[in-house]
Amino acid sequence: MKKILGFLLIISSFFIVSINAQALEDTTCNYKSKAELSKAAYNADANYTIKKDDNGSYYFEISIYNITEEIYAVVTNDINDDEIIIFNNMTTNNNYSFEVHDITTIINYVVHIRAIKYGCNDEFRKINISKPRYNDLSEIAVCKNNVMLDYTYCKTWVNRYFLETREEIIDKINNQYTKNKITTTTACITCMQSDAASLKIKRQKMLKLAIIIGLVIGIILDIGVIILLIIRLKRYYIW
């Protein structure tokens with residue numbers, strides 16, 4: 001009985017030592033721990049989505065993904081000193097979102113992914129998000145034209161502030177529209193000319209084909225006539 005108790009004490013001591021060693025290892029921020037944290041950090045991600053509320057007004061939803069128990073996120077911006085600190089227990093299925101209703105200001109966010117386990121407090125990753133601003137010039141009638149949708153001053157969302165005055169920009173938009181219209185018209189004329197040339201070539205080919213077919217039919221008829229004449233001549237001489 002004493003031997004069994006002694007054996008159990010040795011086994012228990014071994015497990016206690018192993019647990020203590022593991023606990024020590026988990027708080028030293030060693031290579032293995034950093035590798036695990038780095039993997040968790042690089043699985044994290046962030047982006048923005050443009051949405052509309054029930055009143056039809058635009059707003060942005062900033063989303064941070066895959067914030068697990070090993071890491072947390074600190075969101076900063078270049079407009080003010082506000083910080084949003086996101087831990088795993090604040091997320092829904094490891095994801096966290098917040099709304100931004102300022103659509104006139106370009107805001108650059110940085111999502112700092114930091115460690116929270118194994119004695120590590122390092123920053124493992126930075127994710128940059130640039131929230132664009134609404135460009136009300138996109139509402140100009142000229143900008144609604146298909147040839148203008150990709151023009152910088154006509155885009156609905158832009159990532160820079162225009163240095164020109166509103167009047168100067170409108171002049172640029174009108175000038176660009178005129179250029180695009182001329183280019184499109186010229187392209188259409190060229191297309192029409194090209195189509196006309198193609199049609200002419202097709203007609204010429206069809207005419208040549210018709211002539212060849214006519215000649216073949218004529219030759220076949222001539223051969224048929226010659227054969228009939230030969231048959232008649234043979235009958236004549238027989239009689």
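Let me start with Tyr134, which is buried at a relative accessible area of 18%, where buried means under 20% relative accessible area, exposed over 50%, and partly exposed in between, with a 1.4 Å probe and protein chains only. What we are looking at is a predicted model, in which local features need pLDDT of at least 70 and side-chain atom pairs count only at pLDDT 80 or more, whereas totals for chains, interfaces and linings use all residues. Residues are numbered from 1 along each chain as its sequence is written, and side-chain values use heavy atoms, with hydrogens and water left out.

Now to the rings. A search of the whole structure finds nine aromatic pairs; rings of Phe, Tyr and Trp, the last through its six-membered ring, pair if their centres lie within 6.5 Å, and planes under 30 degrees apart count as stacked, over 60 as edge-to-face and the rest as tilted. One of these pairs joins Phe98 and Tyr109, whose ring centres are 6.0 Å apart and whose planes stand at 70 degrees, so the pair is edge-to-face. Phe98 lies in strand β5 (residues 96-100) and Tyr109 in strand β6 (residues 107-115), so this pair ties together parts that are eleven residues apart in sequence; helices here are DSSP runs of H or I with at least four residues, strands are runs of E with at least two, and both are numbered from the N terminus. Phe98 is buried, with a relative accessible area of 12%, and Tyr109 is buried too, at 8%.

Coming back to where I began, the rings of Tyr134 and Trp157 have their centres 5.3 Å apart and their planes at 70 degrees, so this pair is edge-to-face. The pair links distant parts of the chain, with Tyr134 in strand β8 (residues 133-134) and Trp157 in strand β9 (residues 157-158), 23 residues apart. Ring pairs also gather Tyr134 and Trp157 into a cluster with Tyr48, Tyr58 and Phe60.

In a second case, the charged end of Arg133 sits over the ring of Phe162, at 5.0 Å from the centre.

Not counting residues up to four places away in sequence, Ile50 touches Tyr58, Tyr59, Phe60 and Trp157, contact meaning heavy atoms within 4.5 Å.

What about the nonpolar cores? In soluble globular proteins, nonpolar side chains tend to be buried together. A core here is a set of buried Ala, Val, Leu, Ile, Met, Phe, Trp, Tyr and Cys residues joined through side-chain atoms within 4.5 Å. Of the 29 residues in the largest core, Ile64, Tyr109, Val111 and Ile113 touch the most other members. The elements giving two or more residues to this core are α2 (31-43), β2 (58-65), β3 (71-77), β5, β6 and β7 (123-131), and the largest share, five residues, comes from β6. Val111, leaving aside neighbours within four places in sequence, is in contact with residues including Ala46, Ile64, Val75 and Ile127. A second, separate core of twelve residues includes Val142, Cys143, Tyr151 and Tyr153.

Two polar side chains deserve a word. Thr76, in strand β3, counts as buried at 18% relative accessibility, and its side chain makes a polar contact with the side chain of His112 at 3.1 Å; such a contact is a pair of N or O atoms within 3.5 Å, where within protein one must be able to donate a hydrogen and the other to accept it, and residues adjacent in sequence count only if both atoms are side-chain atoms. Asn180, in helix α3 (residues 166-238), is buried at 17%, and a polar atom of its side chain lies 3.0 Å from the backbone oxygen of Val147.

Finally, the chain as a whole: the secondary structure comes to three helices and nine strands, in the order α-α-β-β-β-β-β-β-β-β-β-α. Of its 239 residues, 26% count as buried.

Technical notes:
Lys NZ or Arg CZ within 6 Å of the ring centre and 35° of its normal.
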